[in-house]
Amino acid sequence: MLKKYYLGLSSLLLVFCFFHGNDLIAGPKEDFQTWGTVTAIGSLDAIDPDLSKYRYWLEGQGRFGNDTSQVSQGMLRTGLGYALSETLTMWLGYAFIPTEEPFVSEPFDEHRIWQQLLWNQPFSFGTFSSRSRLEQRFMQIGNDVGWRYRQLFKISLPLTFAPNFSLVATNEVFIDINKTDWKSVNGFDQNRAFAGIGYNFDEHIRTEIGYMNQYIYKATAQDFMSHIISINWYLNF
């Protein structure tokens with residue numbers, strides 16, 4: 001009985017390797033990229049003190065691909081938030097994303113509506129953050145609306161010998177919720193892992209620079225992995 005089990009399992013593995021062996025050997029397609037981001041988040045109390053619990057979000061990104069030789073993707077993200085407490089805010093916003101090679105073979109524009117909960121909790125050892133984001137994606141290359149969930153966790157650990165500096169690590173998982181006519185499938189979409197150094201210029205300006213690994217699952221093509229120099233600026237007013 002055990003021998004038949006192993007023979008059956010071996011047969012299944014041989015069939016799998018026959019159909020997927022090239023993908024396993026080839027692995028994902030890889031690219032070296034540089035991403036730059038500027039994000040400004042602040043309160044609307046400068047307009048009216050009664051709006052002190054309301055927040056604004058302004059973000060711009062430039063992503064350079066094909067070994068950092070060309071602009072491959074841009075992003076403009078805007079949003080309005082409301083502080084539920086000192087550590088928790090909820091958000092609603094819009095994003096515009098033009099995309100080119102190497103992410104896609106034919107350039108197209110994407111529009112997104114997004115909602116999120118952002119939690120920042122300081123501890124004695126540093127700051128822990130959680131960002132839960134839901135997106136509705138409208139593609140120029142299709143008619144369906146794609147729903148995607150993103151979960152990010154981040155930890156920032158100040159250095160005791162240089163308190164303006166900190167070690168930063170994040171991981172964000174992307175999950176597609178539905179199938180679309182532009183080849184999005186429900187399930188795992190991509191993962192982004194970042195590790196780097198943060199520096200506080202003052203209470204309003206911070207930068208984080210480091211390495212990001214982006215792995216994108218492709219249901220109908222070769223998976224894609226980006227090795228990214230990530231440069232981020234955060235403005236808080």
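Predicted model: local features only at pLDDT ≥ 70, side-chain atom pairs only at ≥ 80, totals over all residues.
Residues are numbered from 1 along each chain as its sequence is written, and side-chain values use heavy atoms, leaving out hydrogens and water.

**The barrel**

Here, 11 strands close up in the order β1-β2-β3-β4-β5-β6-β7-β8-β9-β10-β11, with mixed pairing. From one strand to the next, the twist averages 20 degrees (axes are lines fitted to C-alpha atoms, and angles run from 0 to 180 degrees between N-to-C directions). Strands are DSSP runs of E with at least two residues, numbered from the N terminus, and two of them pair if DSSP finds at least two bridges between them.

| Pair | Direction | Bridges | Hairpin link |
|---|---|---|---|
| β6 (residues 127-139) and β7 | antiparallel | 12 bridges | 5 residues |
| β7 (residues 145-159) and β8 (residues 162-176) | antiparallel | 12 bridges | 2 residues |

Phe153 in β7 stands opposite Ser130 and also opposite Asn171 in β8. Lys154, meanwhile, stands opposite Thr170 in β8.

**Ser43**

Ser43 sits in strand β1, which covers residues 29-43. Is Ser43 buried or exposed? Ser43 counts as buried because its relative accessibility is 17%, and buried means under 20% relative accessible area with a 1.4 Å probe, protein chains only. Its side chain comes to 3.1 Å from the backbone nitrogen of Asp45. Setting aside neighbours within four places in sequence, Ser43 is in contact (heavy atoms within 4.5 Å) with Leu51, Ser52, Tyr54, Arg55, Tyr56 and Phe237.

Conventions: Helix = DSSP H or I, 4+ residues; strand = E, 2+ residues; numbered from the N terminus. Buried < 20%, exposed > 50% of the residue type's maximum accessible area, 1.4 Å probe, protein only. Polar contact = N/O pair within 3.5 Å; in protein donor to acceptor, adjacent residues only side chain to side chain.
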